[in-house]
There are 2 protein chains.
Amino acid sequence: MRADARKNYTHVLTVAREVLTEQGATASLRDIARKADVGLATLYRHFPSRDALVETLLRTELDVLTDRATELEKEPPSAESLIDWFKDSVRYFQRYRGVTDLMAAAYADPQSALFTSCSRVRAAGNSLLARAQAVGVASNELDEADLFALIAAAGWMSDPPSFNDRADHLIDFIARAMLR
Amino acid sequence: MRADARKNYTHVLTVAREVLTEQGATASLRDIARKADVGLATLYRHFPSRDALVETLLRTELDVLTDRATELEKEPPSAESLIDWFKDSVRYFQRYRGVTDLMAAAYADPQSALFTSCSRVRAAGNSLLARAQAVGVASNELDEADLFALIAAAGWMSDPPSFNDRADHLIDFIARAMLR
DNA sequence: ACCTGAACACCGTTCAAGT
DNA sequence: ACCTGAACACCGTTCAAGT
């Protein structure tokens, strides 16, 4: 990548992070380009879709999340490790307001730039869930797709302003329902 | 209301119901006006906001829902009655794709035309929940706001195409978690 | 009283023209 | 190779002007 292109790329990312933090994942791409002092088409050149932009912003945290799952798998399976990871995942989905709607759509769309992220979360969750089920601490009624859906729903509930104030309580409630 | 106004009003509603059924609750209001052969400003005169339009469309079903709650209260409190009503409520939130996002926003906004609907659902759920808790069949960890949030989240999960295929299973899972 | 077209200030997306 | 302004086809919202 040419030096000027690289500079634009990283600068757009920095500005995008700020704007999405403030306005949520549905923020105007035009606005981001404007604030980055860059032509709108330049933003599109680097990030051909909203999903691609968000994916780039979330990638680092996704690595943290999957690393955490790998870490937990070194320990013996337990209810705690499943719940801990569940809550970490929900936090991942809470990174920007409204990101859960993007993820839910991407989940069903292999063309989306966020599809791979969804798959990785799903796969990481699956092994933790399977291990917990094997030792009888997690409900056998759930499979990996259910787990992903519950993470997404918990993330959705956390979006301010609606249920934000009881989100922690409800996430805990759902997490405990997965056990037994 | 003048005869021509009344005719426009009902015709817009008919067309809106079709369009929302097809395209979900975020469908273009312009498109609805166009399909109803009515000026866009005429639609706005009758329904000053998207919420007002959706509220009018949902009102009938809300009455069914609250009537059902009143009905259930005549019987002795039970886990079944709470769960049945929970599922009815989720169905109410599923009436149009994406309506749950509108409801969640309206829940925190007393200015919204949908706020009253939210409150009525919440109140109806509260009495059923309280009765079930009193006889020890529902978890004491939940209050009426939690119940509303869970209904909304369950409705959100049902939006196609993401988790649509396992929505019934997950709604059942959440419903059973509320017991005990 | 009610309706309408047009205007305003926005979107996302694409592309020919520039350096 | 990369960037840009402008164009296109849309939004939601408002309002003066018509009947």
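This report describes one chain of a predicted model, then the pairing of its two chains, and finally a single residue.

**The fold of chain A**

Chain A contains nine helices and zero strands, and, read from the N terminus on, its elements run α-α-α-α-α-α-α-α-α. Along its principal axes, the C-alpha trace of chain A spans about 55 × 35 × 25 Å. Of the 180 residues in chain A, 53% are buried. When contacts in chain A between residues at least 6 apart in sequence are considered, 67% of them join residues at least 24 apart.

**How the two chains are related**

In general, two copies of a chain are related by a rotation about an axis and a shift along it. Here, chain B is superposed on chain A by a rotation of 180 degrees with 0.0 Å of shift along its axis, and the RMSD is 0.0 Å. The two copies are therefore related as by a two-fold rotation axis. The same surface serves both copies, since 100% of the contact residues of chain B recur in chain A.

**The interface**

The values below describe the interface of chain B and chain A.

| Item | Value |
|---|---|
| Residues in contact | 28 of chain B with 28 of chain A |
| Area buried between chain B and chain A | about 2,600 Å² |
| Salt bridges between chain B and chain A | six |
| Residue pairs in polar contact, both at pLDDT 80 or more | 14 |

Of the area that chain B and chain A bury between them, 69% lies on carbon and sulfur atoms. In chain B, the residues that lose the most area to chain A are B:Trp156, B:Phe163 and B:Phe173, which together account for 25% of what that side buries.

A salt bridge also joins the side chains of A:Arg166 and B:Asp143, with a distance of 2.5 Å from N to O. On the side of chain B that touches chain A, the elements giving two or more residues are helix H6 (99–107), helix H8 (144–158) and helix H9 (167–178) of chain B. H8(B) gives the most to this side, with nine residues. The residues of the side of chain B that touches chain A divide into 19 nonpolar, three polar and six charged.

B:His46 lies in helix H3 of chain B, which covers residues 40–46. The relative accessible area of B:His46 is 17%, and because buried means under 20%, B:His46 counts as buried. If its neighbours within four places in sequence are left aside, B:His46 is in contact with B:Met1, B:Ala5, B:Asn8 and B:Tyr9.

Notes:
Residues are numbered from 1 along each chain as its sequence is written. Chains are lettered from A and ligands numbered from 1 in the order in which they are written. This is a predicted model: local features need pLDDT of at least 70, side-chain atom pairs count only at pLDDT 80 or more; totals for chains, interfaces and linings use all residues. Side-chain values use heavy atoms; hydrogens and water are left out. Helices (H or I, at least four residues) and strands (E, at least two) are DSSP runs, numbered from the N terminus. Buried means under 20% relative accessible area, exposed over 50%, partly exposed in between (1.4 Å probe, protein chains only). Contact means heavy atoms within 4.5 Å. Copies are superposed by least squares on the C-alpha atoms of residues with pLDDT of at least 70 in both. Buried area is the accessible area (1.4 Å probe) that two parts lose on being put together, summed over both. A salt bridge is a side-chain nitrogen of Lys or Arg within 4 Å of a carboxyl oxygen of Asp or Glu. A polar contact is a pair of N or O atoms within 3.5 Å; within protein, one must be able to donate a hydrogen and the other to accept it, and residues adjacent in sequence count only if both atoms are side-chain atoms. Ala, Val, Leu, Ile, Met, Phe, Trp, Tyr, Cys and Pro count as nonpolar, Asp, Glu, Lys and Arg as charged, and the others, Gly among them, as polar.
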